[in-house]
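Subject: Structure for you to look at

Dear colleague,

I am passing on a structure that you have not worked with before, and below it I set out what was found. Please read the notes with the model open beside you.

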Amino acid sequence: MYKIAIGSNIIKGPWGGGNQFAVSLINYLKGKGWQTSDKLKDKNIDLILLTEPRITSKTSSFNQREIARYIFHNPYTIVFHRINECDERKGTKGVNKYLMRANRVADYTIFISRFLMELFEKQGYMKNKEYCFLRNGADSEVFNRNNKRIWDKKEPVKIVTHHWGYNYNKGFDLYLALDKLKKINEFEFEFTYIGRIPEKLKLSNIKVIPPLSGTVLAEELKKHDIYLTASMNEPAGMHHIEGAMCGLPLLYRDSGALPEYCEGFGVMFNDNLMDFNEKFTELVNNYDYYFEKIADYPFSSEFMVKNYEKMFLKVLDNKKSFNISKRRIKYLKIFIKESILIVIDTIKIKLKNLHKRIRKIG
């Protein structure tokens, strides 16, 4: 069977969606007979999947420089690059550019949503490249409707959201507004936030629970009635998927990839608080309908990993005849350039940290 190297260090416990993706994919491929590794040591690797090129990330096990070196010596290996991030998500600068710098080693690129794919297309990064999008999914053995009870209409409606990251763009503009309310129109509600919150942020009415994962998270989600996500420019996200898989109708912001993951399984609102109030009321008034609809939510990890394997096998079965000499020259150039850039990046980081220390002393 085929051998694949996946560039992810697996982290146990609560972590981001990329980590969950790697766990699901590795478990599935092993079950189908694939040999998997998180290192580039074997000389007979058929396929490399780059998932996190930023070596400062705890989940990164190799980056584009190491891939370039490997392909120079093993030019028949195919390289995929899965992109799940963008500057727009957290208001950063340079992430998109760096991802495209890493993308030079890729034969094929997979985005985790149509939104993300089109964002990079519009920015002019995907010319003369082969790419597609494959959506995320959550483990149905963990996140499911088992023992989920329908809202009885007597208790206050229980709203929940959860995030591993605590960037303000995760929706804290809306969450802070809700923290000041006890009712939305005529409906009483309780709001629970699971995860980390920004430092110095003070909440009065929102119940905050530290980060959870796995079955513990799933059981906590099932105690609620509506899943809310106000995340901005979300490349895809796992949080709303997990909420939906647990049987919670979705109340979601018209931003990023949320509409393509949530449409038909809840109600969408825009950035206006008045619109949010109206859409919340619409969802509550039609709760039974959406509770039944959410049973058909399709984005499971099983669905996701099958699509990845299908894509891998399609490419492997129709493997191109590479010009080995040109391929080796290409990847040697990338390796040399990346080696230089890494030195430059390291110097920049050290200078930046030195500047910070000088400012503190001054």
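Predicted model: local features only at pLDDT ≥ 70, side-chain atom pairs only at ≥ 80, totals over all residues.

The space inside the largest cavity is about 30 Å³, and the count of cavities of 30 Å³ or more comes to one.

The second largest pocket holds about 550 Å³ of space. It is lined by 16 residues, of which Thr-56, Tyr-98, Asp-345, Thr-346 and Ile-349 are the closest to its centre. Two elements give two or more residues to this lining, namely helix H4 (95-102) and helix H13 (324-361), and H13 gives the most, with nine residues. By class, the lining of the second largest pocket divides into four nonpolar, five polar and seven charged residues.

Helix H13 also takes part in a helix packing, with helix H2 (residues 64-73) as its partner: the two pack at an angle of about 150°, and their axes are 8 Å apart. Because angles over 145 degrees count as roughly antiparallel, H2 is roughly antiparallel to H13. The crossing of H2 and H13 is left-handed. On the H2 side the contact is made by Gln-64, Arg-65, Ala-68, Arg-69, Ile-71, Phe-72 and His-73, and on the H13 side by Arg-327, Arg-328, Tyr-331, Leu-332, Ile-334, Phe-335, Glu-338, Ser-339 and Ile-342. Sorted by class, the contact of H2 with H13 has eight nonpolar, three polar and five charged residues.

A further packing joins helix H1 (residues 17-31) to helix H12 (residues 301-317), where the angle is about 65° and the axes lie 10 Å apart. Since angles of 65 to 115 degrees count as roughly perpendicular, H1 is roughly perpendicular to H12. The crossing of H1 and H12 is right-handed. H1 makes the contact through Phe-21, Ser-24, Leu-25, Tyr-28 and Leu-29, while H12 makes it through Ser-301, Met-304, Val-305, Lys-306, Tyr-308, Glu-309 and Phe-312. The contact of H1 with H12 has eight nonpolar, two polar and two charged residues.

With best wishes

Conventions: Residues numbered from 1 in each chain as written. Heavy atoms only, no water. 1 Å grid on protein atoms, 1.4 Å probe; cavity = no way out; pocket = protein on both sides within 12 Å on 5 of 7 lines; lining within 4 Å. Points joined across faces, edges and corners; volume = space filled by probe spheres on them. Helix = DSSP H or I, 4+ residues; strand = E, 2+ residues; numbered from the N terminus. Nonpolar A, V, L, I, M, F, W, Y, C, P; charged D, E, K, R; others polar. Axes fitted to C-alpha atoms, helices over the stretch in contact; angles between N-to-C directions. Parallel < 35°, antiparallel > 145°, perpendicular 65-115°, else oblique. Left-handed = near helix turned anticlockwise from the far one by under 90°. Contact = heavy atoms within 4.5 Å.
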